[in-house]
Amino acid sequence: MNKNLLWKLVLIVGTLIVFLFGIFGIPKAFSGQGLLSAMTDRIHLGLDLRGGTHLILQVQVNDAVKVDSDNAVEVLKEQLNKRKIAFSEVSKPDPDNNPDHIVIKGVPPSSRSDLLSIVHDRLPEYEITSGTSDNWNLAMTPPMLSDLKNRAVTQAIETIRNRIDALGVSEPTIQEHGLGQYQILVQLPSIDDPARVKDIMQSTAMLEIKQSLGGPYPSEQAALQEKGGILPPDAILLPGHNMPGVGEEGQAWYLVSRVSAVSGKDLRDAQPSRDQNGQPSVSFTLTGEGGQRFYNFTSAHVNDSLAVVLDNKVQEVANIKEPIRDRGEISGGRMSEQASKDLSMILRSGALPASVKYMEERTVGPSLGADSMRAGVRAAIIGMLAVLIFMLVYYRGAGINADVALLLNLIILLGFMGYFEAVLTLPGIAGVILTVGMGVDSNVLIFERIREELRNGKTPPSAVDQGFSHAWITIVDTHVTTIVSAAILFIFGTGPVRGFATTLTFGLLANLFTAVFVSRVIFDYLLSRKQRGEALSI
Amino acid sequence: MEFFRNPNIDFLGKKWYFLAFSLIFSVAGVFSMLFWHGIPWGVDFRGGTLVYVKFAHQPDDNAVRTAMDRAGLRNAKIQRYGQVGNNEVLIDLDVRETSEQALDRGKIQIINALETNAPAGKIDLNNASSLTIKNYLMDKDPLHVGPDDGKYTAQAQAIVNVRDKTQGGVLTSFDQLKGAVEPAVAASVQDGFFLSDFGVRNVEIVGPQVGGQLRKQAGLATLYSLAGMLVYLGFRFEWIYGVAAVVTVFHDTLITVGAFSLTRTDISLTVIAAILTLIGYSNNDTIVVFDRIRENIKLMRREKLSEIVNRSINQTLSRTILTAGLTFLTVLALYLFGGEVLHGFSLALVIGILIGTYSSIAIAAPILVAYQDWRIEKGKRPMAMPAKAK
């Protein structure tokens, strides 16, 4: 064997070792079971094979915009009052479709520059334009608006991740879902019934402590009547949630202050505990700053009532007996042990910046996953054997060459997947099978060309040489076009489809090496041992 | 062994037969898409709720139907699924019954409707999650170990494993738990749970918005793929080669989708993946022939293009048939043994590989020749395709 060939052989064996390591790492045992577990440690199975739940959530980013513009409305009113600028109304004309749009009515022309400076100083993310008569329009600047929305998504992902981690779900995937706007993809392997996890993820967990101004009322109308048909401007009516002793759920209404004394942002910690009646509850502590605010509020309102509001539902109303600094409790009646644990965990993980809605849910039961795995692997082995046997029968000596190349192709493909921590899905297994079918194409192209050259009277070495060099161009063209298809699939698809695109791409890349380089080395080696003029088995 | 030795078939002479054949299949497919079955979008694209249920015994379609009607799910489609002995049924709610607000309402309604023998206050063990079982055990504490999370998690997991791995998804008797879990746990489970005669194997719920979004994206992905081919081939060969290849691939896609419409097989996301793969595969085939044409144009300058094309097809015929045959073998293995989940995917590949192989001979090459004939007729340079020397 000449030196050149030896080096190439070393390269091939080296590649083999590198990719075998990619598949198995260093297995603990060399039994079948040991190898299998070493392999599944490195190549992860997709949800469709191991069972689990796949969810797509839509973040209602307009919620975050609404909160921001509500705040801006408050700031405007406060500043206008403070600077004694006359105005008739500050409102949001279309809060559902244009949540960032604010209209200020009845500002006299003389106050124009004052108004502009308020917006400029206090609300730099808003743009102000003059409308008809004495009206002014405020809207968020487009970059600020999209920034706010994107931040809401990022923060939602963060919060959901905290919650899922706290639940102890193993190997979750939580990421922005590139296909739709403001969507999040959540994959939870080995969760067969996602109901509770879904509730926990979806809970916005907006905790507010407000002053209670009246109630409970049996209905909204009753509350309005009591207040003479009109609500005080800084008060809102909220429904009660599962409150004991006041009728059915949703039948109790409370009048509470619009402004909150403290909110979820001021929480330092929340833990499950028991209230004075021994019922499950959640106790929380506030941050230093929040505690100070809470102290100020409770000091000013001794003997008034406060309402603990969670997600716009009144959980509990209590009398303020003395100033409270940094501790509180949510008990609200019919809370189960599990609910108190969940709620404290949700509060610790922080509030969602906007509500989320489920768009898609797929659950694969583990029994189906196992069946799919079995069927996929069986089909792969049968298809592969059929190809290997056919190549041997059809090309005889060269068939061994092709089979070696194919097996090496498979090893490199799986090794790639191990190194890149790619996920093997059911369509991914199909991709492996397809790689075998399409990978053998390169060998067929080359072998047919060599046969043709031999028929035209070329000597074996020159036929091999011609065969490879002619087929090479074609092989590159065919591989590029297929990889283009696969790349588009990868960008467009999710989950299972992505797994397919990944295996197909890796498989074809590996094929360039095995079908062309490895195959050539084997031919060269065979030719180097033959006498001049001896026939080639092809 | 050799199947073809110097074949010499006049493929171009048969182009009218090919055209007729392709036209019949494309028109049948398009007709079915427009006027008959429409495009049978799967749940991924149309939205809706699919629940795959496995029964412990041979399911009674009428009983399932009645249960659905009682739950108010009148539009539910009920189909047998998979092999006969598997006792599986697919219940399909359309998008109108898939609520925007509570996405999984349809699923819960279906499960409740089927739990006909539910005793009050008991939980269905066949549709309980390991979390539910663990929480129940933590609450009852049959082993008197206190709140030992790990212990009961393991016991709950063992129960679920018996159900899903050993028994294939449905428990028929509490005795099946014997040996897998502690006797005290088994007894406690028997107290608080009951066994319905079915288990849910798989659930797919797609909200209406996602469906539309995916449909658009699938269309775009297919178009991008075609455009990618056009550009690459235009760059590597001449633009007419790209056009011919793209027309060919479009023909293949049309016939494949048409076949899905004719047989009313759902087009799911994985079917789209298969179709995109076919675009790549069919192109491979076309490129191999084109490469040979390009090579032969340089060698045989005197010959007519139709002669060169015919020769090229014949020279590559052996390879074309072999590769198609081998790929077809693997895909057939997938179709026959790959399981129900991959049914649509492998069907698309089976059809597509047959059509893709046929079309590179019967469609792509004649387009090249027809273009050149047209150029000659218009009195332009006769040799229209001096393919770039490589």
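Mentor: In this model, 62 residues of chain A are in contact with 62 residues of chain B, two residues being in contact if their C-beta atoms, placed from the backbone, lie within 7 Å. The model is a predicted one, in which local features need pLDDT of at least 70 and side-chain atom pairs count only at pLDDT 80 or more, whereas totals for chains, interfaces and linings use all residues. Residues are numbered from 1 along each chain as its sequence is written, and chains are lettered from A and ligands numbered from 1 in the order in which they are written.

On the side of chain A that touches chain B, at least two residues each are supplied by β17 (356-364), α11 (366-395), α13 (426-455), α14 (460-492) and α15 (495-529) of chain A. Helices (H or I, at least four residues) and strands (E, at least two) are DSSP runs, numbered from the N terminus. The largest share of this side, 17 residues, comes from α11(A). By class, the side of chain A that touches chain B has 36 nonpolar residues, 15 polar and 11 charged; Ala, Val, Leu, Ile, Met, Phe, Trp, Tyr, Cys and Pro count as nonpolar, Asp, Glu, Lys and Arg as charged, and the others, Gly among them, as polar.

Strand pairing also links the two chains: β17(A) pairs in the antiparallel sense with strand β6 (residues 198-206) of chain B over 5 bridges. Two strands pair if DSSP finds at least two bridges between them. Within this pairing, Glu360(A) stands opposite Val206(B) in β6(B).
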